[in-house]
Amino acid sequence: MHIDKGLDNTIIGESRKSFIDGQAGILEYVGIDIDDLARNSTFEEVVFLLWNDRLPTAAELESFETELRAEYSLSSEMVGMLKSIPHDASPMHVLRSMVSSLALEDPDCNDQSLESERRKAIRVLSKTPAIIAGFDRCRRGLELIDPDPSLNMATNFLWMLNGEMPGEASARAIDVCLILHADHGINASTFAAMVTIATQSDMYSALTSAVGTLRGPLHGGANERVMHMLQSIGGHDEVESFVMNSLENKTRIMGFGHRVYKSYDPRATIIKKTADEVFKVTGMNPLLDIAMKLEEVALSDSYFIDRNLYPNVDFYSDLIYEAMGFPMDMFT
Ligand code: ACO
């Protein structure tokens, strides 16, 4: 018997969706470089790509967007459920519970035909923004805003969250963040979903497992922790001592390191550029200076060099979300 910590030497399957070269820092979705997609595509187009293993024609994209938009709203029962959740609940717990609850009003929950699974996938994808925005408005004591089916998913999310039409830079930044997070091979949350679905359970159960896994601070929950960390550092001049103290106390620098990338996470490079576009509108986030200094200190320290620890996607994304006014517990 051999205990394989972190499944280090075990391949549980191969993903046809993402290609990742962790040494070279390359991420491709179905053969297309993530940088190309972040520059030239939209989230909806990327979803089509991932689900169909090819890009859509213009007509196919339009019809896919129509299908997604038809599912933007929540039923009155789901809205009632959202309103009844304690306002101090964490948004990720709310998301996990609500994704799970979507099964309760789907009579085809156990139908595993491809057609039914596709319909469920559209349902969950399209309703997730309404769940997140709706809960945040409930806890702020505000009326819920109806989705606007004339808007793409990123713009509609910001519209439902803030009740005002977002600027182009903000909407595009969310669109790019969604593209960058759309797939990542068999990562921890996908693996969790695969374990659940492999028992022939249903898609809602699998996605509930995935959301529960994603919220962990070593996975998707890292971006919230990065913000706590950057705020706690205090200033540019404190960065060096912060890093030294963290190493001495053996505490991890959040937003650094990755299971697969042993070089710069390509998504972090794109996020950094996107942040610049957002800051042109919102004004510079003063924490950027601390983040960049932290990167500089870490990347010149032998501890990080020897272990190939570089900023990951979560290191800079939190600065965008904060500049756009999101509460920290909503970053993930
Ligand atoms: N800060 C300091 N040291 C670190 C860090 C870090 N962020 N990450 C790894 N290390 C060290 C470990 O202590 C270990 O050192 P050792 O060899 O002296 O014991 C070595 O690097 C290898 O660590 P592992 O945990 O084996 O590396 P693994 O590849 O399994 O971990 C992980 C990847 C979990 C992402 C890790 O780097 C981490 O905890 N990072 C911080 C959390 C984070 O940013 N997560 C987001 C990832 S991106 C995403 O999920 C969307």
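The structure is a predicted model, in which local features need pLDDT of at least 70, side-chain atom pairs count only at pLDDT 80 or more, and totals for chains, interfaces and linings use all residues. Residues are numbered from 1 along each chain as its sequence is written, and side-chain values use heavy atoms, with hydrogens and water left out.

The protein has 16 helices and three strands. These are DSSP runs numbered from the N terminus (helices: H or I, at least four residues; strands: E, at least two). The radius of gyration is 20 Å, which agrees with the value near 20 Å for a compact globule of 332 residues. It is taken over C-alpha atoms, and the globule rule is 2.2 Å times the number of residues to the power 0.38. Along the principal axes, the C-alpha atoms fill a box of roughly 55 × 50 × 40 Å.

Buried residues make up 48% of the 332 residues. Burial follows relative accessible area (buried under 20%, exposed over 50%, partly exposed in between; 1.4 Å probe, protein chains only). The protein exposes about 16,400 Å², and carbon and sulfur atoms supply 53% of that area. Areas come from the Shrake-Rupley method with a 1.4 Å probe; for residues, only the protein chains shown count as cover. Among contacts (heavy atoms within 4.5 Å) between residues at least 6 apart in sequence, 72% join residues at least 24 apart.

The structure holds zero disulfides, a disulfide being a pair of cysteine sulfur atoms within 2.5 Å. Cys-109 is buried, with a relative accessible area of 13%. Cys-177 is also buried, at 4%.

Helix α16 spans residues 313–323. Nine of its 11 residues are buried, so the helix is largely enclosed by the rest of the structure. Among the buried residues are Phe-315, Tyr-316, Leu-319, Ile-320 and Tyr-321. Asp-314 and Asp-318 are buried as well. The buried residues of α16 pack against α8 (168–181), α11 (222–233), α13 (266–282) and α14 (287–299).

Two loop residues deserve a note. Val-30 is not a glycine, yet has a positive phi of about 45 degrees. Val-30 sits in the loop between β2 (26–29) and β3 (32–33). Its relative accessible area is 23%, so Val-30 is partly exposed. Lys-250, also not a glycine, has a positive phi of about 55 degrees. Lys-250 lies in the loop between α12 (239–248) and α13. At 74% relative accessibility, Lys-250 is exposed.
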